[in-house]
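User: I'd like to learn how to read a fold from its model. Could you walk me through this one?

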Amino acid sequence: QVQLVESGGGLVQAGDSLRLSCAASGRSISRYSMGWFRQAPGKEREFVATISWTGGSTMYADSVKGRFTISRDNVNNTVYLQMNSLKPEDTAVYYCAVGLLSLNYFGSSWGQGTQVTVSS
């Protein structure tokens, strides 16, 4: 079973950037699609981005398209989420997950999440 640990969150101002990391252990993720979703207080989980196991295909939520970039390093068993031009509405706990995520699928397992807070 894969264990996932997210890191890189924090408190930033609108317009700033953050890079989230998701370190996997227990099993190689090189053959798995991976993704990120987020959840703000009192709101439903929201798909953010997903990446194929080769890294050759990515998908993004409309709300983050053009600002966020998902990538992966299969050698180091890590997935990243580069977040630029952050907005207050990006404030949420961000989770890394195993699977090809979509609007209605949030993966088969995920980590504890990392808090991202964007002030206006």
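User: Let's start simple: what percentage of the 120 residues of the protein count as buried?

Analyst: Keep in mind that this is a predicted model. Of its 120 residues, 45% count as buried.

User: And how many helices and strands are there in the protein?

Analyst: Zero helices and 10 strands. The radius of gyration is 13 Å, close to the 14 Å that the globule rule gives for 120 residues, so the protein is as compact as a globular protein of that length.

User: How do I read the sheet, and what is the order of the strands in the open sheet of six?

Analyst: In general, strands of a sheet pair through backbone hydrogen bonds, either parallel or antiparallel. Here the order is β2-β10-β9-β4-β5-β6, and the pairing is mixed. The edges are β2 (10-13) and β6 (58-60); each has a single partner strand, so one side of each lacks a neighbour in the sheet. From one strand to the next, the twist averages 25°.

User: In what sense do β9 and β10 pair?

Analyst: Antiparallel, over three bridges, with β9 covering residues 92-98 and β10 covering 114-119. Look for A92, which stands opposite V116 in β10.

User: Now the core: which residues have the most contacts inside the largest one?

Analyst: The general idea is that nonpolar side chains tend to be buried together in soluble globular proteins. The largest nonpolar core here has 35 residues, and W36, L81, M83 and Y94 have the most contacts inside it. Strand β9 gives the largest share, six residues.

User: What does Y94 touch?

Analyst: Setting aside residues up to four places away in sequence, its contacts include W36, L81, M83 and V116.

How values were computed
Residues are numbered from 1 along each chain as its sequence is written. This is a predicted model: local features need pLDDT of at least 70, side-chain atom pairs count only at pLDDT 80 or more; totals for chains, interfaces and linings use all residues. Side-chain values use heavy atoms; hydrogens and water are left out. Two strands pair if DSSP finds at least two bridges between them. Helices (H or I, at least four residues) and strands (E, at least two) are DSSP runs, numbered from the N terminus. Axes are lines fitted to C-alpha atoms, for helices over the stretch in contact, and angles run from 0 to 180 degrees between N-to-C directions. A nonpolar core is a set of buried Ala, Val, Leu, Ile, Met, Phe, Trp, Tyr and Cys residues joined through side-chain atoms within 4.5 Å. Buried means under 20% relative accessible area, exposed over 50%, partly exposed in between (1.4 Å probe, protein chains only). Contact means heavy atoms within 4.5 Å. The radius of gyration is taken over C-alpha atoms; the globule rule is 2.2 Å times the number of residues to the power 0.38.
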